[in-house]
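Please look over the structure shown here, and then read the short briefing that follows, which is grouped by topic.

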Amino acid sequence: MGVGIQVNQLNAWFGATHAVHDIQIDITANHATAIIGPSGCGKSTFVRCLNRMHETIPNARVEGTVKIGDTHVYGNGTSAVEIRRRVGMVFQKPNPFPTMSVYDNVAAGLKLNGYRSHRDLDEIVERSLRQAALWDEVKDLLKKKSGASLSGGQQQRLCIARALAVEPEVMLMDEPASALDPISTSKIEDLIFELKQNYTIVIVTHNMQQAARVAEFTAFFLSGKLVEFDKTEKIFTNPGDKRTEDYITGRFG
Amino acid sequence: MMQSKFWWRSLQDKVMVGLAAGATLMVLVPLVAIFGYLVYKGIGSLNWNFLTQIPKPVGETGGGMANAIVGSGMILLIASLIGVPMGIGTGIYLAEFGKKRFGYLIRFTADVLNGVPSIVIGIVAWSLVVVYQKHFSALAGGVALGIMMVPIISRSTEEMLLMVPQSLREAAWGLGIPQWRTTLSITLRTASSGVITAVMLSFARVAGETAPLLFTTLGNKFWNFNMNQETAALPLQIYVYAQSPYDDWHRQAWAGALILIILIVISMSLVRMAASRGVFKGGN
Amino acid sequence: MLKQMNGPLLKTKAQPNSAGPSPEEPAALVPRRKFEHKSSRFADATFRYLMLACALSVLAIVVLIVRELILSSALARHAFGFKFFVTQVWDPVSGDFGALPFIYGTLVSSLLALILAVPLSIGVATFTTELCPQRLRSLLSYVVELLATIPSVIYGLWGMYVLVPFLRQYVQPFLAKYFGWTGLFGGYQFGYSMLAAGIILAIMIIPIVTSITREVMSAVPTAQREGVLAIGATRWEMIRVGVLRNARTGIMGAIILGLGRALGETIAVTMLIGNRPEIAKSLFAPGYTLASVIANEFSEASDDLYLSALVEIGLALFLITLLVNIVAQLMVWSITRGSAQRATA
């Protein structure tokens, strides 16, 4: 089951550049929230603050609080490693591990966490691949095909399976379909529909139709600030802020 | 189970980071030790006498390595006269003219040449020059070192020339400048500091070589300016003195080594300065 | 990059002509251009052949190397045949020559050097590419490369008067006391030994193994590192799974290149290895390598057979290093080509 995310006064910097300003947002459990906005508005940076990936960049800094369920992500005793296990991430460009088979790709996170028994691994790998709607396509070649030899859409679903295998509570997706063809994109979108039931999803997208299709809630970012956050329906039919309306109607971005 | 496993993983992480840092420190130790000892043991003997006198007869203290320093200079000059034109020429060929297969063959051969042990090059120079002339000579040593310089210069020259944007060449052709002029005055000139860097690098590399000189130049206790005779060379002198039973010669070996490393460090620093100044001047 | 050079030359020449002489340009200019074009054709051809000659001379040199080695070793090859490589005797006086002790010495000293150098090199490469603060990075890599500029004879000098006494006084007694049971640390402690040679070789190959390892590690795309971190890995796990694993072919190549360098190293080894043509189990015993015997005995070889045997050793050394270097080049080449493919995957 997924958990909710509460973000309070979140600020993030790249060196001296203030990329994300005073974000205040509550993300509902077991729903999909889309983050939209023009290029460079800070949506990816914001999302990467949720699983403490932002701080891996040299000279990056984060201030503010993020709570995932009952855990303070930036709390004193909290380890980044643990957060990243609980919050799965799918990147814009699929990045399967090329030196590993499909099976090993999915199992990578599990092996790190100490699952050694073949039965356990087999079970979880199959479950994750099924959840990612990839099982039928790879079940015969699990250990023979390398992660990088799949097609683009398959690779991305493999990355999703890999993220799901460690049983996260939240799934962050940073423009997961932007590098894919339309058919793969629609497969991924169907996937998100399924995943919503068990996970909390945050999806960054520059494709407004996609946001409208998959997400119940949408947040509009502009220049590092959260301009408007509401039910997707409202954002796209009757936005409260003029800037939102301008973006939606294509006046910029 | 996940919790204790995590503690173990965290420990592993810290240990590995520590080991990596430790390895770095361990590698720095010999570096510091070598340079330190060179200065410590050699600085006392570096005086005007040492730099201007030739070795004294066995048993007598004093004397210097002046003839070895000059001899090295002579041998390196011969080596450069052979190695630099051939190396640059090969580099130019590979960058500007080399067709797919043949160019690949040349490049591969140059890499092979690069990996040949210096003593084997010494054997070949001996066989080609010493046996033919029936005596040892600075020329033979120069040939050996020149051969060693060719692949180093060639590869770097090719790289530097390839970095010059094609638009520059096309601009020259468009003005009606012939190919050979373009290559020399435009392309090579643009890449010049990179090429000079490569030449100096190869120079620094062969300046310290001893093995190819062992049975080509042989060494000489006296002054010699005739390239057709045996000549003293700095690395050779250090090698002989270091293995001798005389303490005074050991002392001189350290001094000679210090001079050698100073000369190399100077040329490497010049290389660094030239490289950072403007490898790309004139590009784009 | 390797374009047809004559094509563009003719093409760009054609443009001004095809445009036709403008009213300002007298027609006399056109024939003048043609004249220049002809003479530059000759100069161009000469230039091209000159450069070709340079390139061919590289080929010629390698051919010459092989030729001289084969010819000058003919005497010994015919005298001993393949037995040469398995005979343990090296007796110039009676004219009986066998290369086995040298092969053993070369292999063992190089292997020892690899065992010592590789973990350190990978450690340094990991530290400088992944772990250390940005500011230190270029400084540290510069310092490690400084080690590569030190000439062999200086390593030998330092080895003789600093390393060997140190080994004799501290290291050898320690090893003999606690690890003597392995049989590797027995016998009289000269100092000048396989151990000393192995250590100095290790120091000498660390720079090259480190720099190539750093190169291949840096070539691993950031997306791979992030992918591992995102599933909840520690820093070391990220390096292990995301970087080292992806770079492993290149690292193998770096190791083999280091091996190639160690095999051919002459002067420092000759000064430290003790120069005794014997095969002994202990690392404390003196040894002799292929390169060292040539260095020591070539200029004093009194008869043709002796010389020829030494040249044959040179031939063996050449072939061994050739093979090792080719294998290494292939591995490094496959990673630098492969990584370009993976980055777009």
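Leaving out neighbours within four places in sequence, C:Ile255 is in contact with C:Leu114, C:Val118 and C:Val209, where contact means that the C-beta atoms of two residues, placed from the backbone, lie within 7 Å. This is a predicted model, in which local features need pLDDT of at least 70 and side-chain atom pairs count only at pLDDT 80 or more, while totals for chains, interfaces and linings use all residues. Residues are numbered from 1 along each chain as its sequence is written, and chains are lettered from A and ligands numbered from 1 in the order in which they are written.

- C:Ile255 sits in helix α10 (residues 248-264) of chain C, helices being DSSP runs of H or I with at least four residues, and strands runs of E with at least two, numbered from the N terminus.
- With 21 other C-beta atoms within 10 Å, C:Ile255 is buried (buried means 20 or more such atoms, exposed 12 or fewer, and partly exposed in between, with C-beta atoms placed from the backbone).
- Although C:Ile255 and C:Ser121 are 134 residues apart along the chain, their C-alpha atoms are separated by 9.3 Å.

**Chain C against chain B**
- The contact takes 75 residues from chain C and 78 residues from chain B.
- On the side of chain C that touches chain B, the largest share, 21 residues, comes from helix α2 (residues 29-72) of chain C.

**Chain A**
- Chain A has ten helices and ten strands.
- Of the 253 residues in chain A, 49% are buried.
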